[in-house]
Amino acid sequence: MNNATMWLTPEPEQDGRRFMAALGLGLALEFAALAVLVPVLHHAPAATPPSVVKLTIQNPPPPKPAPPKPVTPPPPPVPQPPKPVTPPKPVPTPRPAMHHVVRHLPPPPKHVAPPPPPPPVTPPAPSAPPAPPAPSPDQLGLFRQAMRDAVQAVANQVYPAAAQMTGQGGSAEVTFTYNDGQVTGIALTRSSGYPLLDQAALLAARVAHYPLPPQGFAGRTYSVTVEVIFRPAATSVDGD
């Protein structure tokens, strides 16, 4: 295959510009070859006529354009049903106002705890006066004797006449508690042997007027025992 044939053979699927350039170059070479061969053929002896080679250059068919895509017409609009007309809501008739008074009570007061009271102020206790000194034994003896004398003086006054007429005599012992001129708890601790004299001794201890306690005896409690003596009067005997 000659060069012309190579140039005429199109490469499949090549660029159109390259193909046209090669085609033009082949035609130019063919015309140049004819121009050289024509004079030679006129001067050459007659011979068998050379075979004529006919070259047919066929251009490749142009690519078929792609068929246009069918245009789908848009669907016809679907008729929308008419919207139902909503009737207006009936306006409620206002009710007549109730004739009553709403009293707004004030909120209850918040409970506030009162402050704690201040601690009581305790005044200092007054100092107690110094206690008087205790009585001496001699003072105590004299005071007991004064209480015996007071009981005995009353016993002579309440001596029962019946006991005197019958010659009843003797001594009874009475015990009591003494505190600031008052006596309590009077009791018979020793009987005289005669019920009338015992009753008289208890009565004398109850109604006797006792002396006030001297200094050092005030506020003190003492247990006192007193002997009450009953002496009957001596009887006189008239002789002839």
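Trainee: Why is glutamine 168 counted as buried?

Mentor: Glutamine 168 has 18% relative accessibility, and buried means under 20% relative accessible area, with exposed over 50% and partly exposed in between (1.4 Å probe, protein chains only), so the residue counts as buried. This is a predicted model, in which local features need pLDDT of at least 70 and side-chain atom pairs count only at pLDDT 80 or more, while totals for chains, interfaces and linings use all residues. Residues are numbered from 1 along each chain as its sequence is written, and side-chain values use heavy atoms, leaving out hydrogens and water.

Trainee: Where does glutamine 168 lie, and what is it in contact with, leaving aside neighbours within four places in sequence?

Mentor: Glutamine 168 sits in the loop between helix H4 (161-165) and strand E1 (170-179), where helices (H or I, at least four residues) and strands (E, at least two) are DSSP runs numbered from the N terminus. With those neighbours left aside, its contacts (heavy atoms within 4.5 Å) are Tyr159, Ala163, Tyr194, Leu196, Leu197 and Pro232.

Trainee: Why does glutamine 152 count as buried?

Mentor: Glutamine 152, placed in helix H3 (residues 137-157), has 18% relative accessibility and therefore counts as buried. Apart from neighbours within four places in sequence, glutamine 152 is in contact with Glu227, Val228 and Ile229.

Trainee: Why is leucine 27 called partly exposed?

Mentor: Leucine 27, found in helix H2 (residues 16-43), has 36% relative accessibility, so it counts as partly exposed.

Trainee: What makes E1 and E2 a pair?

Mentor: Two strands pair if DSSP finds at least two bridges between them, and six bridges join E1 to strand E2 (residues 182-190), the two running antiparallel.
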